[in-house]
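Thank you all for coming.

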Amino acid sequence: EISCSLVGSEMCIRDRAKAVAATIDEVYERTGKNSILVTHSQGGGPGWTAVQYTDHIAAIVAIEPGGAPGANSEDFKTVLEKNIPVTMYFGDYIDNGDPAIQATMMWQAMRQACYDFRDAYNEQGGNCTVVNLPQEGITGNDHFMFQDLNNDVIADHIENAGVPALRRRSNISGNFTHLCIHRIEQPRQVADDSVDQNALKPFLQPINNQKAAPPFPRRPRSG
């Protein structure tokens, strides 16, 4: 467990980044696979910095990150040097948020920082996409889109559009419970798919424990 006296401080971010990198290195050591690093909100900060401490990040999926590195920062330069594909996701209530609510302008500014990252990154040969879900026809998602009722739709988008290198397998059901680290029982045990190396399980456990809650609706699947 890592605790920091000042959440968001430089020391705190680096400590957390090193912990993330160490976990990714262990996944690689045990499976031989690089990881798709999924970050969320303030966790985006350590995610960017973790790239400085591991060579085993295949791609970054940032879910409503609280901003992105500036083009002159070490984080930006390292992500670019390692040629890591980046996809960022933003939900609803940003463009159409109440301007009287301070958070609306705050999120518009943080998303703009991500647009600036995308433009600078792509201009220098990188691969970055910023996905605004309402523009994709997916509406109603809040800051915790992986807990929303349409989380299977979001998971599908991430697998099929956000990370094009991933191709769905028959044993991947297409909801966020399958975007998590599976327990590795034996050294060198290979996970079913690289998508299983993502780190959303801590967010999903409270949902899975709510046995009395109604199940999430699932769209019918062809094939």
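Is strand β3, residues 86-90, mostly covered or mostly open? Strand β3 is mostly covered, since five of its five residues are buried, where buried means under 20% relative accessible area, exposed over 50%, and partly exposed in between, with a 1.4 Å probe and protein chains only. Before I go further, please keep in mind that this is a predicted model, in which local features need pLDDT of at least 70 and side-chain atom pairs count only at pLDDT 80 or more, while totals for chains, interfaces and linings use all residues. Residues are numbered from 1 along each chain as its sequence is written, and side-chain values use heavy atoms, with hydrogens and water left out. Helices (H or I, at least four residues) and strands (E, at least two) are DSSP runs, numbered from the N terminus.

In a regular strand, side chains alternate between the two faces of the sheet. In β3, V86, M88 and F90 point one way, T87 and Y89 point the other way, and all are buried.

Let me turn to the strands on either side of the discussion. Strand β2, residues 57-63, runs parallel to β3 and is joined to it by four bridges, pairing being assigned if DSSP finds at least two bridges between two strands; V61 stands opposite T87 in β3. Between β2 and β3 the chain passes through helix α3, residues 74-81, in a right-handed β-α-β crossover, which is to say that, with the strands pointing away from the viewer, the path from the first strand over the helix to the second runs clockwise. β3 also pairs in the parallel sense with strand β4, residues 128-132, over five bridges, and here V86 stands opposite C128. A right-handed β-α-β unit is again made by β3, helix α4 (residues 102-123) and β4.

As for α3 itself, D75, F76, T78, V79 and L80 are buried in it, and the buried residues of α3 pack against α2 (44-50), β3 and α4, with contact meaning heavy atoms within 4.5 Å.

How many residues does the largest nonpolar core have? That core has 24 residues, and those with the most contacts inside it are I60, V86, M88, F117 and Y121; a nonpolar core here is a set of buried Ala, Val, Leu, Ile, Met, Phe, Trp, Tyr and Cys residues joined through side-chain atoms within 4.5 Å. β2, α3, β3, α4 and β4 each supply at least two residues of this core, and the largest share, seven residues, comes from α4. Leaving aside neighbours within four places in sequence, F117 is in contact with W48, A68, P69, F76, V86, M88 and C128.

Finally, the rings. The structure holds five aromatic pairs, where rings of Phe, Tyr and Trp (its six-membered ring) pair if their centres lie within 6.5 Å, and planes under 30 degrees apart count as stacked, over 60 as edge-to-face and the rest as tilted. W48 and F117 form a tilted pair, 5.3 Å centre to centre with 35 degrees between the planes, and this pair links W48 in helix α2 to F117 in helix α4, 69 residues apart. W48 is buried at a relative accessible area of 4%, and F117 counts as buried at 1%. The rings of F144 and F146, by contrast, have planes at 85 degrees and centres 6.0 Å apart, so that pair is edge-to-face. F144 is partly exposed at 38%, whereas F146, at 0%, counts as buried.
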